[in-house]
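These are my notebook entries on a structure that I am opening here, written for a reader who is new to it. I looked up one topic after another and noted what I found.

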Amino acid sequence: MAEITMTQALNLAIDEAMAEDDGVFCLGEDVSAKQGGGVFKVTAGLTEKYGEHRVRATPISETAIVGAAVGAALAGQRPIAEIMLMNFVGVCMDQIVNHAAKLRFMSGGQTPCPIVIRTTTGVGVGFGGQHSDMLEAWFAHVAGIHVVTPSNAADARGLMRSAIDANDPVIFIENILCYGLKAEDPGKGYRVPLGKAAVAKEGSDISLITYGRTVLDALEVAGELEKEGISVEVIDLRTIAPYDEETVLASVNKTGRALTLHEAVRPFGTGAEIAANIQEKCWDKLKGPVRRIGGTFSAVPFASHLEQAWIPTKEEIVGQIKASVGKD
Amino acid sequence: MAEIDRDKLLDIYTRTMKVNRTDEKFRELLMQGKVAVMYYCVRGQELVSAAAMAALEPQDYVVCTYRGQGEQTAKGIPMEKWWGECLGKATGTCKGKGGTMHITDPDTGIMVTTGVVGSGIPIANGLAMASQNNGDGRVTLVSFGDGAANIGGFHEAMNMAQLYKLPVVFLCQNNRYGEHTAYADHTDSPTIAERAAGYGMKGVRVDGNDVNAVYPAVKEAVDRARAGEGPTLVEAMCYRMMGHFFGSDFSYMPPEHIEEMKKEDPLPKLRKVMLERQFTEEELDKIVADIDAEIDAAVQHALDAPLPDTDEIYKDVLEEVN
């Protein structure tokens with residue numbers, strides 16, 4: 001089978017869903033053919049196939065975009081809204097948190113809100129403080145939302161199909177640095193279930209729990225440490241919330257050690273929640289404290305050496321793992 | 001403008017009185033201490049919501065606010081379900097999980113009641129967008145107050161609705177107060193309706209206390225929307241005769257203004273119109289008596305109804321996790 005990039009994977013998944021269900025449509029800034037099919041080209045070619053009503057280029061109006069997605073979902077459609085960059089979700093948090101997330105519950109189950117909010121972010125592309133944040137913890141803290149992020153093209157295709165299928169809101173985070181990653185195309189109709197983590201690499205000494213772009217770092221580090229006799233199990237959460245607790249706990253119960261890793265800043269991050277849960281539920285199996293690695297607690301800087309210093313480094317991951325297993 | 005036909009007038013009268021009697025009953029229960037919940041009184045605004053709901057078809061969608069009793073009861077939510085929800089009972093529209101500020105009843109077309117000022121406006125666009133996408137011919141009406149016309153979402157939604165010519169009607173019930181702040185203290189533009197021009201949209205301002213003004217204006221807006229001619233912003237001038245919520249201080253409302261506005265009370269005005277159109281006192285009183293009896297039965301049903309099971313807090317959070 002041919003290889004596809006993550007951009008192509010997402011495009012294929014959306015295209016398939018639109019072909020199968022007239023209720024699936026896209027809306028967002030610059031998404032239609034006139035503007036080139038989205039700033040990262042994820043929706044390229046869809047206007048030509050499905051028309052401008054189903055690929056709606058919107059004004060720069062994040063609240064109106066998500067509000068419209070919510071309303072259309074209440075009427076039985078399955079909108080895919082694009083918020084061009086994750087930092088802009090602050091503009092439309094009311095619609096996401098007060099409405100999309102709660103309308104199923106507050107209506108006693110009468111009005112589910114099946115929307116997908118696609119958004120992009122990522123540190124390492126020189127976008128500076130207002131275009132680079134990973135804000136998944138904001139959403140993970142609100143009941144009623146799935147938060148999903150793929151680390152590879154195949155998962156991207158499968159997770160996007162499942163996100164569109166889901167009868168609840170999904171925040172779908174696309175890391176800009178992952179768009180070009182290639183994988184073998186898993187083919188039409190491929191789905192990766194929401195809420196199911198992948199054991200990206202099996203290991204026996206420590207569980208490294210991560211998601212998104214940092215999965216790549218985790219796998220690289222795990223490969224290097226293997227040569228030094230340290231066996232790292234890498235868990236790619238894929239769905240950040242609600243996350244696959246079963247897979248995480250099973251792994252930690254096996255290895256007895258855990259390290260959480262994410263690009264988002266460390267304080268109050270999702271790693272803190274996972275670490276706390278592991279301490280509570282695997283206490284008798286733990287051989288040491290659960291460790292956490294996250295981005296620096298500052299705005300993401302612009303200058304490339306500062307930006308690189310901001311991101312969790314492979315040296316830091318190696319250092320934490322060695323400290324954890326007592327080989328530092 | 002053609003005269004409103006008698007059947008429609010009777011329909012509007014019935015809906016108006018249903019709103020009014022429900023409001024009176026709610027305040028009575030609160031004053032008697034029989035219920036203790038948040039309630040946003042609609043006294044003075046009954047006609048606007050009743051006439052607007054009478055301009056819609058049963059399948060049309062409505063989005064309203066926490067002060068949405070008028071739209072909800074006038075659109076036809078069964079009274080037992082409505083009261084059940086307001087009293088937090090398992091028999092309510094939302095199993096007691098929404099409450100007075102979050103009434104949803106898709107069977108009646110009440111799709112969202114939002115507790116966040118102005119937030120329903122962008123959502124109404126989405127309902128209308130779905131109708132435009134699938135060609136179901138439905139119109140969406142969103143009701144909000146003058147205070148809501150100052151949030152960003154209002155402006156974003158107006159622009160988007162006009163851009164796409166969505167089948168939506170924006171009904172601003174200008175009751176002269178945004179929570180505790182008088183219109184002149186929160187807005188310097190003379191009217192809300194004139195803002196429509198800024199989006200290329202049709203905007204009209206009408207006397208919300210006059211059935212012969214408010215019904216035709218909303219009806220025309222609904223007809224335009226259904227015909228694919230796009231949205232209309234209708235500003236209906238009315239007056240919130242009480243404080244922001246039941247029991248709240250309203251010393252910021254000048255007593256002389258309240259007295260002045262009482263002369264504009266839509267209910268005696270509507271009754272006068274009805275009598276002029278040869279409805280009899282007896283007919284009109286009978287309608288009110290029937291409504292009262294229906295409300296009394298519904299309230300009793302709700303008072304007697306069971307509370308939701310505690311397990312409900314875990315349900316309807318996410319379908320996939322339930």
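Entry 1, a helix of chain B. How many of the eight residues of helix 4 of chain B are buried? Before I answer, I note that this is a predicted model, in which local features need pLDDT of at least 70, side-chain atom pairs count only at pLDDT 80 or more, and totals for chains, interfaces and linings use all residues. Residues are numbered from 1 along each chain as its sequence is written, chains are lettered from A and ligands numbered from 1 in the order in which they are written, and side-chain values use heavy atoms, with hydrogens and water left out.

I found that six of the eight residues are buried, and helix 4 of chain B is mostly covered. Here buried means under 20% relative accessible area, exposed means over 50%, and partly exposed lies in between, with a 1.4 Å probe and protein chains only. Helices (H or I, at least four residues) and strands (E, at least two) are DSSP runs, numbered from the N terminus. The buried residues are Met79(B), Trp82(B), Trp83(B), Gly84(B), Glu85(B) and Cys86(B). I then looked up their partners, and they pack against helix 1, helix 3 (69-75) and helix 11 (281-304) of chain B, where contact means heavy atoms within 4.5 Å. Following helix 4 of chain B I noted Gly88(B), whose phi is positive, near 70 degrees.

I searched the whole structure and found 10 aromatic pairs over all chains. Rings of Phe, Tyr and Trp (its six-membered ring) pair if their centres lie within 6.5 Å, and planes under 30 degrees apart count as stacked, over 60 as edge-to-face and the rest as tilted. One of the pairs is Phe26(B) with Tyr39(B), which is stacked, at 4.0 Å centre to centre and with 10 degrees between the planes. Phe26(B) lies in helix 1 (residues 6-31) of chain B and Tyr39(B) in the loop between helix 1 and helix 2 (46-54) of chain B, so this pair ties together parts that are 13 residues apart in sequence. I looked up the accessibility of both residues: Phe26(B) is buried, with a relative accessible area of 0%, and Tyr39(B) is buried too, with 4%.

Phe26(B) also forms an edge-to-face pair with Trp82(B), at 6.0 Å centre to centre and with 85 degrees between the planes. That pair links distant parts of the chain, since Phe26(B) is in helix 1 and Trp82(B) in helix 4 (residues 79-86) of chain B, 56 residues apart. Trp82(B) counts as buried, at 2% relative accessibility. I noted that Phe26(B), Tyr39(B), Trp82(B) and Trp83(B) form one aromatic cluster.

I looked up helix 3 (residues 62-74) of chain A and helix 5 (residues 120-134) of chain B, which pack at an angle of about 50 degrees with their axes 6 Å apart. Axes are lines fitted to C-alpha atoms, for helices over the stretch in contact, and angles run from 0 to 180 degrees between N-to-C directions. The angle makes helix 3 of chain A oblique to helix 5 of chain B; angles under 35 degrees count as roughly parallel, over 145 as roughly antiparallel, 65 to 115 as roughly perpendicular and the rest as oblique.

Most residues other than glycine have a negative phi, and most peptide bonds are trans. I noted that the peptide bond from Ala241(A) to Pro242(A) is cis, with omega near -15 degrees, and that Pro242(A) lies in the loop between strand 12 (239-241) and helix 9 (245-255) of chain A. Arg176(B), although not a glycine, has a positive phi of about 80 degrees. Asp316(B), also not a glycine, has a positive phi of about 65 degrees; Asp316(B) lies in the segment after helix 11 of chain B and is buried, with a relative accessible area of 9%.
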